[in-house]
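User: I'd like to go through the labels on this one and see what backs each of them up. Can you show me the model?

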Amino acid sequence: MQHIRFPVMEVKEAYDVEHMRSTQSIQHELWPLDEIDPKKAKFPCCLVWTPLPIVSWLAPFIGHVGICREDGAILDFAGSNFVNADDFAFGAVARYLQLDRTQCCFAANLGGHTCKSGYKHAEFGTAITWDDALQSSSRHFEHKTYNLFTCNCHSFVANCLNRIFYSGSMSWNMINVAGLVLLKGQWVDSMSVLRSFLPFLLVLSLGVFMVGWPFLVALLSFSLLLLVWFLLGSYCFKTLLEC
């Protein structure tokens, strides 16, 4: 029996053409988004962040996060068995980051994957559109118990990002979700900066005035313990923060 061999260059060119067609098809299906409108609380395909009462007064790097649908409506895991829709818990958005849908893997079936981990992605759960991914994650978290230290709003956003294989990764967790918003997000306005840090500065000043420097040491220790907990839970003992 004579084996037919295809030249390597022809196979590569055929793959490149098919990949280009697939990419163009995906881009064609991504209709234009509306403009971001903070006054109407519309942030299409954005991650959003706002400070938490009391907790952010002691550790300003900790806040409440949500992820937005293509129409700009905010979804956030706000309590046990409850995913909030279009009514951001804990106040108006202070910080936001719009994500790029072309960095997602939307697959109707296993053969439609554009990511490098098709089987792993399919096993976790895929989506055919941005909103479909958010809806699937919302259904999943409607049966979850909220816990600030183990299963919180960051867990919900991480689940959404893993479901769309955002930026070629399925390793999204509390730490890198928080880092993404805090390091790359932009402030809505100057008042957002003020209400995010003013309570912390007031608590810090009042504590140092009344107690002295031991208060500062205690506050820094509290922040460090929180950071260590989430780091260990996210990267060393992942079962602690499974949600």
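Predicted model: local features only at pLDDT ≥ 70, side-chain atom pairs only at ≥ 80, totals over all residues.

User: What makes Asp 71 and Arg 69 a salt bridge?

Analyst: Their side chains meet at 3.1 Å, N to O. Residues are numbered from 1 along each chain as its sequence is written, and side-chain values use heavy atoms, with hydrogens and water left out.

User: Why is Asp 71 called partly exposed?

Analyst: Its relative accessibility is 39%. Buried means under 20% relative accessible area, exposed over 50%, and partly exposed in between (1.4 Å probe, protein chains only). So 39% puts Asp 71 in the middle class, and Arg 69, at 25%, is partly exposed too.

User: How many salt bridges does the structure hold?

Analyst: Three. Arg 101 and Glu 70 meet in one of them, at 2.8 Å, N to O. That pair links distant parts of the chain, 31 residues apart: Arg 101 is in the loop between β5 and α3 (118-124), Glu 70 in the loop between β2 (63-68) and β3 (74-79). Helices (H or I, at least four residues) and strands (E, at least two) are DSSP runs, numbered from the N terminus.

User: Are Arg 101 and Glu 70 buried or exposed?

Analyst: Buried: Arg 101 has 9% relative accessibility and Glu 70 has 8%.

User: What does the salt bridge between Asp 86 and Lys 42 tie together?

Analyst: The closest N and O atoms of Asp 86 and Lys 42 are 3.4 Å apart. Asp 86 lies in the loop between β4 (82-85) and β5, and Lys 42 in the loop between α1 (8-29) and β1, so the pair ties together parts that are 44 residues apart in sequence. Asp 86 is partly exposed at 42%, as is Lys 42 at 25%.

User: How do you know that the buried residues of α6 line one face of the helix?

Analyst: In α6 (residues 174-184), the buried ones are Met 174, Val 177, Ala 178, Leu 180 and Val 181. Seen down the axis, they fall within an arc of 155 degrees, so they line one face; the arc is that of the directions from the helix axis to the C-beta atoms. On the other side of α6, Leu 183 and Lys 184 are exposed.

Technical notes. Salt bridge = Lys/Arg side-chain N within 4 Å of Asp/Glu carboxyl O.
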